[in-house]
Number of protein chains: 4
Amino acid sequence: MPKVVDHDERRTEIVQAAGRLIARHGLMAATVRGIAAEAGYSSGVIDHYFADKDDLLLQALAASHRRISGRFDEVTRGLRGLDAVRALLADNLPTDATRCDETRLEVQFWARSLGDEALMAVQRQEMAGFRRQVRRHLDEAVADGETAAAVDADDALERLLALMDGLSVRAVLEPARLTAERQRALLDEEVHRLRR
Amino acid sequence: MPKVVDHDERRTEIVQAAGRLIARHGLMAATVRGIAAEAGYSSGVIDHYFADKDDLLLQALAASHRRISGRFDEVTRGLRGLDAVRALLADNLPTDATRCDETRLEVQFWARSLGDEALMAVQRQEMAGFRRQVRRHLDEAVADGETAAAVDADDALERLLALMDGLSVRAVLEPARLTAERQRALLDEEVHRLRR
Amino acid sequence: MPKVVDHDERRTEIVQAAGRLIARHGLMAATVRGIAAEAGYSSGVIDHYFADKDDLLLQALAASHRRISGRFDEVTRGLRGLDAVRALLADNLPTDATRCDETRLEVQFWARSLGDEALMAVQRQEMAGFRRQVRRHLDEAVADGETAAAVDADDALERLLALMDGLSVRAVLEPARLTAERQRALLDEEVHRLRR
Amino acid sequence: MPKVVDHDERRTEIVQAAGRLIARHGLMAATVRGIAAEAGYSSGVIDHYFADKDDLLLQALAASHRRISGRFDEVTRGLRGLDAVRALLADNLPTDATRCDETRLEVQFWARSLGDEALMAVQRQEMAGFRRQVRRHLDEAVADGETAAAVDADDALERLLALMDGLSVRAVLEPARLTAERQRALLDEEVHRLRR
DNA sequence: CATGAATGAGTGTTCATTCAT
DNA sequence: TATGAATGAACACTCATTCAT
């Protein structure tokens, strides 16, 4: 009778351990041994649950993205149009420990993607998903007549996403200068400008 | 009479080779052997010109920053206020091969800085320098009565820099979506909004 | 169930391999790769059992010293006073293959200690331990009235230890000239002179 | 017209620089670059005056031995028999900075010789020369009726040399414990015992 | 004659990977 | 299933050596 182990649960444990390490010390410091130790296992266990290290890292990225998108319904509940847009973008800013970890992890993978085509392809898919979400709510705003006539949805979307990413990266590089409140205020102001 | 070699020129040669490798394949792929080979030398040559790999990498970052700031005078020549602000920010966008390399390299060092306090300190200093430059021209704009009354210079500065960084990172991650023209148009629009 | 390996036994195995290499070809020739090969393993195995090469080398020295002091009880069993002194000193002379290796290893570490303060400190502690052992038996001899009245224990101790070291180093440098018998005879004569 | 350089003088300069480095920091730390720098030259100069590094090191050893034997006439002037023996041996003890350097260098080469047959052969020749010197004076002592009847010249010689080497190595390993006076006193006592 | 640029083999070390248990 | 022993390639770095100038 084999030992009963919840395979998925174990994978999740390890993936989260990897995520913590990447977020806190960077991809360079995220060794197989380190990740296994962080998860409370020995290094060999990685072999059971992942094809190789790249597989594990990719799953750590996917898990972070899943966690983020898992909050979408919650943060946009009852909202539509610009309010929903603002909620989505604000939720992505590194305004607390969890979101800082997410941003820091994201920046690590941005860097790695630039030298890894396969990873880049994954990243683009993930980004496209988020873009569609925001776009949908932006279209609602236009349809609802919430936005000024001069507002071009394509431009607005692109600028908002860029602002979100720019604020995110600067906030994790200089947390002292960009407090959570400041980040939100700067983003809110940008959204506010779209209103008629 | 010793072999005639311009020490600084050779350093520059190697630093640029390092820069190319970092920009194209990432810091992870930038090995001492690889950099030496890219420069056309054997690995041992690094020992002559740099204290260690970290020294070389730091100089590659510094060289990229020097190159960027070396263009400041040129791009802002004859300009002041918002025109100068726009020129500075636009010059930093990855709108051509050179600037793409600069941005890609920068993203690599962002990631590494998040796990390396010493590097982070260097990065912050460098960022502060650029910030001051932009700020100076923004203050000119305010002094010249170029900006709308409601414009807060601190907020404007922060948002512009965030937008620049966000556009930059998005552009190198998805060059097909964010053409040079698009980047500049989005930035220009943001600057334009500051005007009275 | 993990692969069953006696961790300490494996360490000992590698430490002994290191000891052999050091004794036979010197510290300079004792590379990590060479030691691992001598032990019958690949180079990476060192990483499992030792913090670094210095740790391994230090353990090789400590093991040699432990081996030597492990014989103390045996060689002095039933002896006291000058007989015990002679037994201790004679046991340290390079009079057989094992003791030659021990002496050759010791000379390697003498040399290294002269350029390495940390190692020197370790060496001095170890030497002090042996000195105390001999001293204890010398004091017995004095207390038992075994020694001549003119004998100063401090001087006798120092001269005996110096003679032992001098014979040892000469014997490994010129094994043909200083046979085991000769070494013992020279030492015995020196001990004999202490008697009343 | 070629630059006029005293070839031998330059060699001597470099050899002495090597000797200083070996004595102070050990053979391991005596790099070609370091030796050249200590001598005030660039590393390439070694190539002009020495076949290779081993050649240079060997000459550093030879120079130290020449220096020592160069003092023989002086220290034995007007002396014969046991007085000359004592003078020769005492002159070899590490009783001042110069002689400490000589001893420290010697210990380095003892260690290296144990793993290098060619060097060992050289060392044995050098040691034989010193041995003959001491032996000659010891024979004088016997011929002069200076020694006790029971004294065997072979044994006495061997023990004196061993004592000298043992005191030397212990003195450089623990300079605080074995002062110059102590070394000389211990040696004198041993010589004294030979007298009738 | 002297320099120091350049080489490349060798070093200690790290680490993803494999696999017997 | 989980361990951690073992591997071996890759890494940064050191250094004796060569040689154009």
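A nonpolar core is here a set of buried Ala, Val, Leu, Ile, Met, Phe, Trp, Tyr and Cys residues joined through C-beta atoms within 7 Å, where a residue is buried if 20 or more other C-beta atoms lie within 10 Å of its own, exposed if 12 or fewer and partly exposed in between, with C-beta atoms placed from the backbone. The model is predicted, with local features needing pLDDT of at least 70 and side-chain atom pairs counted only at pLDDT 80 or more, while totals for chains, interfaces and linings use all residues. Residues are numbered from 1 along each chain as its sequence is written, and chains are lettered from A and ligands numbered from 1 in the order in which they are written.

**View 1. The nonpolar cores.** The largest nonpolar core holds 100 residues, and those with the most contacts inside it are A18(A), V85(A), A18(B) and V85(B). Apart from this core lies another of 99 residues, which includes V15(C), A171(C), L187(C) and L88(D). Two residues are in contact if their C-beta atoms, placed from the backbone, lie within 7 Å; on that basis, and leaving aside neighbours within four places in sequence, V85(B) is in contact with V134(B), H137(B), L138(B), A141(B), L160(B) and V191(B).

**View 2. The interface of chains C and D.** Here 34 residues of chain C are in contact with 34 residues of chain D. The elements that give two or more residues to the chain C side are α7 (97-113), α8 (117-143), α9 (153-173) and α10 (180-192) of chain C, helices being DSSP runs of H or I with at least four residues, numbered from the N terminus. The largest share of that side, 14 residues, comes from α9(C). By class, the chain C side divides into 15 nonpolar, seven polar and 12 charged residues, with Ala, Val, Leu, Ile, Met, Phe, Trp, Tyr, Cys and Pro counted as nonpolar, Asp, Glu, Lys and Arg as charged, and the others, Gly among them, as polar.

**View 3. The rotation axes.** Chain C can be laid on chain D with an RMSD of 0.2 Å by a turn of 179° and a shift of 0.0 Å along the axis, which is the relation of a two-fold axis; copies are superposed by least squares on the C-alpha atoms of residues with pLDDT of at least 70 in both. Of the residues of chain C, G166(C) comes closest to the rotation axis, at 2.0 Å for its C-alpha. Because 100% of the interface residues of chain C are also interface residues in chain D, the copies meet through the same surface. Chain B can be laid on chain A with an RMSD of 0.3 Å by a turn of 179° and a shift of 0.0 Å along the axis, and in chain B the C-alpha nearest the axis is that of G166(B), 2.0 Å from it.

**View 4. The domains of chain A.** Chain A is divided into domain 1 (1-60) and domain 2 (71-196), with bounds that come from an automatic or database domain assignment. Their centres, taken over C-alpha atoms, are separated by 29 Å, and the contact takes six residues from domain 1 of chain A and six residues from domain 2 of chain A. On the domain 1 side, helix α1 (residues 7-25) of chain A gives the largest share, three residues.

**View 5. Helix α4 of chain D.** The buried residues of α4(D) are L56(D), L57(D), Q59(D), A60(D), L61(D), S64(D) and H65(D). They pack against α1 (7-25), α2 (32-39), α3 (45-49), α7 (97-113) and α8 (117-143) of chain D.
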